Structures are given as C-alpha cells and as structure tokens.
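This note is for a colleague who is meeting the structure for the first time. Please read the numbered points beside the model.

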Amino acid sequence: MSSPDRENLKNGVRDVLIAWLPALALFVLTPLAVYLPNQHEYDYTLLPLIPFLLAALLSFVALLGLLLIKSRARAIIAATLFYLGIFLILSDIFAPVPLGLLEDFSELNRVEEPLRLSIIQMLIAAGIILCAIKIPTRVVREVGPFVVAALAIAEVLVVLAALSPRTSLFVRVPEFESVSGTEVPADRPNVYQIVFDGYNSCVFPGSASGLPDSFEGFTFFRENRSSYIYTPLSYTSYMTGTLFDGRSLADWQEEGLRRGVIEHLCRAGYSISFYPLELRLVHEKASHVRLEKEISWINTNFMRIWLVRVAPNALRQESNTVARWLGRSWRGAPIRNVEETRPGDAPANKSASKADCSRLMRLFLQEEAQRPSRGQYVYVHINIPHPPLWWDCACRFVEQSTYEENACCANTLMGLVIKRLQELRRYDESLVIYQSDHGWPVEGSMCGKKLKPYVPPEVNETIVRSTNGEMTGERFVDRTRALLLVKPPNAPRIPLQVSDAPTMLLDLPATICRLVGLAGCGRLGAPIFELDPGNPREVHFYSGYKRAGTNKGVLVLGKHLRSTDMGHFSFTNGQGWKVYPPLHAKAGGRFLFP
C-alpha cells in the first residue's frame with residue numbers, strides 16, 4: 001500500500017471514529033447514566049441496555065461506509081457529526097430535563113419545557129457553530145479521535161466502579177432445588193416470615209371473619225409500629241434490626257440485601273427461600289427464588305426516560321407523548337416463574353405485583369412438602385391488602401373491593417399456611433411470623449383512641465414540612481401501624497393472645513435469633529417476648545423519604561433527590577411525643593439530574 005493510500009485509510013479511520021460521537025452519546029453515555037444509579041429498579045439485569053448497545057454497534061458499522069466517500073467530503077460529514085455529538089453532551093449537562101431521576105412516567109402527563117433551557121441550548125448551538133466555522137476540519141480530524149477515546153475510556157471506568165456485583169445480563173431467578181438430601185441442623189426450627197404489604201394492624205380484629213378457628217400459639221402485638229412507612233426502608237430495617245442514620249441510603253439498603261438476620265441464619269446452616277414482591281428485595285444468600293415479573297427486551301419505561309432526556313427542550317413534551325403511545329402499544333413478554341392461572345386469579349393484564357398474589361402463595365404451599373422440617377428460612381411477601389383493592393375475603397379477583405375485604409383475604413391466606421404446616425406436621429416446632437412492612441390509612445378507621453394516639457401540632461408540622469405537604473400527621477401515624485403476629489417454636493396450643501408490648505418491626509432480627517437459639521442479631525431491636533408492656537419504650541419514626549414535587553409528582557430520596565432533611569420524632573408509651581432535629585439523609589451513588 002502506497003503512502004497516500006495509508007494516509008487516506010488513517011484519515012478514514014479517524015473520520016469514522018469522530019463521526020461516531022453522536023451515537024456514543026445517544027446509545028451509550030445517556031442510557032448508562034439512566035441505568036447505573038438505578039440498577040435495583042431494573043432488577044440488576046442489563047436487559048434494558050441491550051437495544052441501545054446494539055444500536056451503538058450497528059451505527060459504528062454503518063459509519064464504516066464513510067470510507068467509500070472521498071476524503072474532503074468525508075471530513076466535512078465527520079466533523080459535522082462530531083459537533084452534533086458535542087452539542088448532545090453539553091446540552092445534557094447544562095440544560096437537563098427538569099424531572100426527577102426516575103419520575104413516575106405512568107402518572108406524568110406533562111413535561112415542563114422552561115424557556116431558559118431552550119435559551120441555553122441555543123447558546124450552546126451558537127457556540128458550536130462558531131467553533132465549526134473557526135476551527136479547521138484538519139484540527140477536528142486530529143483532536144477528535146482523542147476526545148472520543150477519552151470519553152469511551154472514562155465511561156468504562158465509571159461502569160466498572162458503579163456496576164453492582166449483583167448485575168447480570170439476564171434476570172437470575174434460581175430454580176428450586178430439592179434439599180431433602182442435604183444435611184440440615186437438627187436443632188434449628190423452620191422460620192416462616194410472611195409479609196402482607198400495607199396491612200394496618202388496627203383492622204386485624206375487625207377482619208376476623210377471614211381467620212381460622214384458632215390461631216393456636218400466636219401472639220398479636222397490636223401496638224407494633226414500623227419506623228418507616230415505605231417498603232424499601234422498612235424492609236431494610238426489619239431485615240437488619242437497624243435504622244437509617246443518614247450516611248448513605250444506598251449503602252444501608254445494601255446491608256439489607258447482603259447481611260442482617262439472614263446472614264446469621266446462613267452461618268447457622270439454614271437454607272434460604274424467597275417468594276418476593278420484587279426481585280430487587282431478595283437477599284443475596286437466597287438459594288431459591290420464586291416470582292412473576294414482567295421482563296422485556298424493550299423496557300418501555302426506560303425507553304421513555306431516554307427519549308425525553310435526549311430530545312431538545314422544545315420537543316420534550318412531544319417526545320413524552322410519543323413515548324407514552326409506544327409504551328401502550330408494546331407489551332413485554334413475561335418471564336413466569338410461577339404456576340399457571342386458575343379461575344379467580346387476577347387477569348394477566350393487571351399489575352404483576354398484585355396479579356401473582358394467589359399464585360405465588362399457592363406455589364409456596366405446594367413446594368413446602370419438598371422442604372425439610374428443620375433448618376429452613378422462608379420469606380414470602382404478598383402485596384395484599386395494599387391497594388389496588390382487587391380481592392374478596394376468599395381471595396377471588398373482583399373489579400372493586402374494600403380494604404377490609406382485602407385484609408380478610410390476607411387472613412384467609414394466613415389460615416391456609418397454618419393448615420398446610422399442620423398437614424405436614426411441622427406447625428408446632430416452627431417459628432411463624434405474620435407481619436406487614438407498614439400500615440395503610442383507612443377511611444372510617446375502627447381504631448379507638450388507644451390505638452390512634454393524638455398527634456400534636458409540632459409532630460404534624462414536622463411531617464408536613466419534611467414531605468412538602470405530601471403526608472399529614474394522621475395519615476403518617478396510620479401507616480406506621482404494622483401488623484405483627486408471632487408463633488414461637490413449640491408454643492403451647494392456646495388461643496390467640498394479644499400483647500400491648502411496645503414492639504417495632506426492627507425487633508424481628510433479635511426475636512428470630514433468640515427463638516431459634518442464635519445470638520448477635522439486630523443491633524437496635526429486642527426480643528419481643530421479653531418486652532414488658534408496662535415499661536416505657538421510645539419508638540422512633542422518620543418522614544420525608546418521599547415528598548411532593550413538581551408536576552404533582554412525588555420526589556424520592558435515591559431516585560429524584562441527592563439528599564433531603566428527614567423528619568425525626570418518637571413516641572414513648574405513657575409519656576407522649578418528642579421531636580428531634582431533622583436527619584440530613586444522603587442517597588449515595590450517582591445521579592442523573594441535578
């Protein structure tokens with residue numbers, strides 16, 4: 001090859017590389033900026049990125065066609081595309097879309113288009129045009145490849161630093177493996193921790209029509225409270241026996257998925273099974289996971305965030321409208337890890353987290369016979385009686401129901417679990433926990449004054465201020481009232497007992513370990529059967545994880561907010577309320593929008 005030919009090929013490679021910058025920005029940098037801080041939202045699977053990475057690869061292959069164009073024209077085309085890529089990157093930095101990190105697009109009808117952002121984009125465009133006029137194409141050809149290479153290398157380093165160890169190409173759902181032949185500790189009773197999402201404990205006595213004839217051995221802790229009123233925080237608290245201290249929400253939540261009571265049980269030889277509400281709420285020690293989850297090669301919510309983000313400010317609402325239409329037109333193919341539907345189940349087009357309730361519980365009950373009667377920990381999380389309210393007392397799907405009917409369905413499911421464990425002759429020796437992660441506001445609540453303490457103005461003000469008006473004091477207190485019933489191993493066969501002990505969900509790790517003969521679980525909690533109802537105990541609460549935002553939406557710490565001041569207050573039985581200084585809470589991790 002002659003020297004002119006080598007030089008032409010060298011310039012051609014440079015032109016292809018700098019012409020690829022818009023594709024790098026559109027299909028690599030932007031999707032990764034959306035994905036990396038929110039891997040838990042996408043179940044730690046890379047599937048949402050696959051279409052974008054394929055587009056980046058195909059665009060590079062298509063740009064190889066520039067090698068067939070004469071050098072002068074090729075250089076102009078490549079430089080033009082390079083400047084377009086620079087505009088996309090600078091526009092994203094200095095004129096970001098005015099939305100939270102993962103705005104709830106299903107409820108978002110309008111994307112704001114502030115004039116100042118359009119002005120900023122026009123100034124960026126004018127500056128780039130000026131540079132294109134003043135800077136020779138030869139200089140762009142010389143410097144551009146280094147810019148593209150530097151951006152690509154920097155992004156690789158960011159990915160290596162931010163990618164979770166749990167992330168994989170596909171959703172990892174371990175299949176059930178029979179452990180009947182494995183050695184299990186003979187002195188460790190089975191533990192069944194079953195969560196009914198959003199079950200307000202004050203409704204429990206009033207929904208007794210769904211209860212079995214006898215909750216033999218159980219104690220109902222009617223004064224139980226959750227320090228948090230949202231599942232992600234409550235889950236971490238009752239799995240670790242700790243409270244969020246403001247250092248890093250991401251780090252604290254990671255403790256719930258990697259350490260906590262399950263780590264202690266694993267060290268003691270327990271096998272771990274999960275029937276979760278969401279895959280992202282599964283401990284890494286789980287050897288068996290069952291769920292039903294809508295997973296698609298094209299994640300419409302992810303695509304919608306991306307499209308609104310890359311669009312010019314003046315076209316963001318139009319992009320949102322187009323993305324909404326595309327989302328309604330596309331239906332992802334579900335990955336089913338549970339049995340087929342039966343009459344009375346929710347239709348397939350309903351929310352997966354609600355539609356799988358009956359099927360997931362049935363699967364747990366069916367597989368129970370395959371589990372040994374010792375050394376097993378089973379976690380089940382059912383999205384009942386949390387709205388939408390789709391179930392009657394017999395757990396049959398209905399279009400309209402009430403909260404009390406859904407609570408009755410939860411009681412019916414409790415009875416089925418008791419019956420199944422008794423059939424397998426493992427009820428007496430097992431530890432069974434029925435709980436909620438938080439309560440739920442109930443109109444016309446049946447709670448009396450004893451169960452619904454007066455909320456003083458200073459506490460109400462703290463809640464309203466920390467949530468920006470999204471939550472009032474009375475609604476917050478309703479949502480702290482979390483169901484808790486516990487049957488210890490080898491409990492006497494006596495009817496359901498009621499306790500007024502001032503318990504908290506964060507007591508569960510310490511309680512579980514004490515009842516199965518382990519030590520060292522739950523740094524802040526206490527074994528609940530050792531609490532004296534007559535002794536004062538301070539129960540702490542935190543508000544402000546979610547707060548009212550723009551567009552009538554809700555801003556969430558760790559999604560939309562880098563940090564926030566959470567309200568901190570407590571209630572002591574026999575003494576009343578106390579307000580603490582706000583807790584400055586940091587989300588941790590990287591953020592997409594300022």
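1. Buried denotes under 20% relative accessible area, exposed over 50%, and partly exposed in between (1.4 Å probe, protein chains only). Arg225 is buried because its relative accessible area is 8%. Glu223, at 17%, is likewise buried.

2. The model is predicted: local features need pLDDT of at least 70, side-chain atom pairs count only at pLDDT 80 or more, and totals for chains, interfaces and linings use all residues. Residues are numbered from 1 along each chain as its sequence is written, and side-chain values use heavy atoms, with hydrogens and water left out.

3. Arg225 and Glu223 form a salt bridge, with their closest N and O atoms 3.9 Å apart. The term requires a side-chain nitrogen of Lys or Arg within 4 Å of a carboxyl oxygen of Asp or Glu. The whole structure holds 20 salt bridges.

4. Asp507 and Arg537 pair in a salt bridge at 2.7 Å, N to O. This pair links distant parts of the chain, 30 residues apart. Asp507 is buried because its relative accessibility is 0%; Arg537, at 15%, is also buried.

5. Which residues does Asn224 touch, leaving aside those up to four places away in sequence? They are Thr480, Arg481, Ala482, Leu483, Leu484, Thr503, Met504 and Leu505, where contact means heavy atoms within 4.5 Å. Asn224 counts as buried, since its relative accessibility is 0%. The side chain of Asn224 also reaches the backbone nitrogen of Met504 at 3.4 Å.

Terms used:
A polar contact is a pair of N or O atoms within 3.5 Å; within protein, one must be able to donate a hydrogen and the other to accept it, and residues adjacent in sequence count only if both atoms are side-chain atoms. Helices (H or I, at least four residues) and strands (E, at least two) are DSSP runs, numbered from the N terminus.
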